[in-house]
Amino acid sequence: MSSATSVIPASSSPRSSLGTVVGIVLLIALALVPLLASTDPFVVTLFSRILVFAIAAVSLNLILGYGGLVSFGHALYLGLGVYSASILSFHGIDNGWIQLLVTLVVCCLIGLLTGAIVLRTTGIAFIMITLAFAQMFYFLFVSLSQYGGDDGMRLASGSKFSGIDLAQANTLYWVAFVILCVSLYGTQRVIHSRFGVVLRASKSNDRRMKALGFPTFRYRLAAYVMSAALCGVAGLLFANLTEFASPSYMSWTTSGELIVMVMLGGLGTLFGPLVGSLAMILTEEGLKMLTQHWMVIFGPLIVLVVTVSRQGIIGVLHIVQDRHAQRSVRPDHPVREQP
């Protein structure tokens, strides 16, 4: 444990910060959204989308932020979650527990099989192979004409969990909110555990970790499967939110959006995925109201944030906090030496 900890740079260890305070405040604000916007279904739907993508971004952050695994095909598991719910619903199975079980089994199996292959590579090869697997499944579902093919398919009925119907907007919102809180808490526990220390240390120096006797491949594979399962849960929620399933949900563009959310919010930070999904989706919606060429404005904004801080918005908050701390300890007047 101590050997693994020594490999991790001091900057990567978790700390109490302004970013943490902001993250907690955002969670409190999100808990108030259904109460403040009870008469505006668009707002509830918008923030439900933010919560769902925040869950998917949290899952990606586990392997990207803490494991250094740049997966450009992570939307594959979002799409598998969507289709697990939609196909079962198409065949008359609307029991949410069965849909959840199938989602977890499918995502874990696919994650285990693909992870065992892609984790044997690094760098650009890892990125391209994860993208290749995602595109393979994308074209697979495009070819399934029974389930809509390229046109997609409507969700026959919402998922039902022992009286909890996700077809209801407010119910879906609260379920997504609870799952997001649980996933954030779980991520916090994981990164503080021995498992998380080894995962972060292998990101910093994988060769040294192997020399110390840690089976880093197993740790990374376990993290990859956990990430796939959580992203699949986000997909199940997304299917109930949009009431639609489309192969585009697992395309490379969706994977790119998840990466942008993680990097924009704060790579390798606990609340970075939440901040990133909020910032990206709200900015996108705001710019769309101003111009149809919103991406021309949004692109430079992302570049500006990432240029200022490698940890995105959370990193900017850390910079502000550090500068404030330096000013507070700096004496206003020079101290004279006593004779």
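Helices (H or I, at least four residues) and strands (E, at least two) are taken here as DSSP runs, numbered from the N terminus. The model is predicted, so local features need pLDDT of at least 70 and side-chain atom pairs count only at pLDDT 80 or more, whereas totals for chains, interfaces and linings use all residues. Residues are numbered from 1 along each chain as its sequence is written, and side-chain values use heavy atoms, with hydrogens and water left out.

A cavity is a set of points, on a 1 Å grid over the protein atoms alone, where a 1.4 Å probe fits but cannot get out; its lining residues have an atom within 4 Å of a point. Grid points are joined across faces, edges and corners, and the volume is the space filled by probe spheres set on the points. By this rule the structure has 1 cavity of 30 Å³ or more, and about 40 Å³ of space lies in the largest cavity. Its lining is made up of S71, G73, L76, Y77, T114, T130, F133, A134 and Y224. Two helices, α4 (75-90) and α6 (123-142), each give two or more residues to this lining, and α6 provides the largest share, with 3 residues. By class, 5 lining residues are nonpolar (Ala, Val, Leu, Ile, Met, Phe, Trp, Tyr, Cys or Pro), 4 are polar (the others, Gly among them) and none is charged (Asp, Glu, Lys or Arg).

Aromatic contacts come next. Rings of Phe, Tyr and Trp (its six-membered ring) pair if their centres lie within 6.5 Å, and planes over 60 degrees apart count as edge-to-face. The whole structure holds 12 such pairs. Y138 is buried (under 20% relative accessible area) at 18%, while F139 is exposed (over 50%) at 52%. Elsewhere, ring pairs link F53, F238 and Y249 into a cluster.

Finally, the cysteines. With a disulfide taken as a pair of cysteine sulfur atoms within 2.5 Å, the structure holds 0 disulfides. The sulfur of C108 is 7.1 Å from the closest cysteine sulfur, in C107, and therefore too far for a bond.

How values were computed:
On a 1 Å grid over the protein atoms alone, a cavity is a set of points where a 1.4 Å probe fits but cannot get out, and a pocket is an open set with protein on both sides within 12 Å along at least five of seven lines; lining residues have an atom within 4 Å of a point. Rings of Phe, Tyr and Trp (its six-membered ring) pair if their centres lie within 6.5 Å; planes under 30 degrees apart count as stacked, over 60 as edge-to-face and the rest as tilted. Buried means under 20% relative accessible area, exposed over 50%, partly exposed in between (1.4 Å probe, protein chains only).
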